Amino acid sequence: MGEENSKDCHITNAEWQIMKVVWANREVTSKFVAEVLCEKMEWKKATIKTLLNRLLEKKVLKKREEGNKYVYFTEYSQEELSKKALMEVFGKICRTKSGELIVKAIEENELSFSDLNLIEKAIEVKKKFAVEKVKCDCLPGQCNCEEHDHCRG
Ligand SMILES: [Zn+2]
């Protein structure tokens, strides 16, 4: 689990809707997923089948035959895939902008006192390893941070 390339493992918004049904029910048939999602999402049954197949191709879902139908399941936890999706976002932006994005995430999410305690603890630990300045690793021409200006002299 988790060691394959993340490049073809990107899960689209539509696929996430399917995954949530799988996580909540452990094992699902396409009929069951259709019952949960078709009306709410205004999807046709064929859409569900397409999405299930894409998730199989990405190896996020597995299937086994049971009677005359397929049962779909996953070996990934919701936490694992959420983390992967989040790290994908951080991998796309300039490293110097990660802090700002984390602040946005805190500002724009509803959080409990216990969530905030966890965040505070994480910050306390992080302070021990903080650097004076985060280094940008973008290619020149991809970003306008000081470091690149500096390189241009
Ligand atoms: Zn940069």
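Tutor: Among contacts in the chain (heavy atoms within 4.5 Å) between residues at least 6 apart in sequence, 51% join residues at least 24 apart. This is a predicted model, where local features need pLDDT of at least 70, side-chain atom pairs count only at pLDDT 80 or more, and totals for chains, interfaces and linings use all residues. Residues are numbered from 1 along each chain as its sequence is written, and side-chain values use heavy atoms, with hydrogens and water left out.

The chain has 7 helices and 3 strands, which are DSSP runs numbered from the N terminus (helices H or I, at least four residues; strands E, at least two). Read from the N terminus, the order is α-β-α-α-β-β-α-α-α-α. Of the 153 residues, 25% count as buried, meaning under 20% relative accessible area, with exposed being over 50% and partly exposed in between (1.4 Å probe, protein chains only).

Now for your patch: Ile-102, Ile-106, Leu-111, Phe-113 and Leu-116 make a nonpolar surface patch of about 460 Å². Helix 5 (98-108) and helix 6 (113-127) are the elements that give two or more residues to that patch. Take Ile-102, in helix 5: it counts as partly exposed because its relative accessibility is 42%.

Terms used: Patches are made of residues with over 30% relative accessible area and no salt bridge: like charges are joined within 9 Å, nonpolar side chains (Val, Leu, Ile, Met, Phe, Trp, Tyr) within 5 Å. Accessible areas come from the Shrake-Rupley method with a 1.4 Å probe; for residues, only the protein chains shown count as cover. A salt bridge is a side-chain nitrogen of Lys or Arg within 4 Å of a carboxyl oxygen of Asp or Glu.
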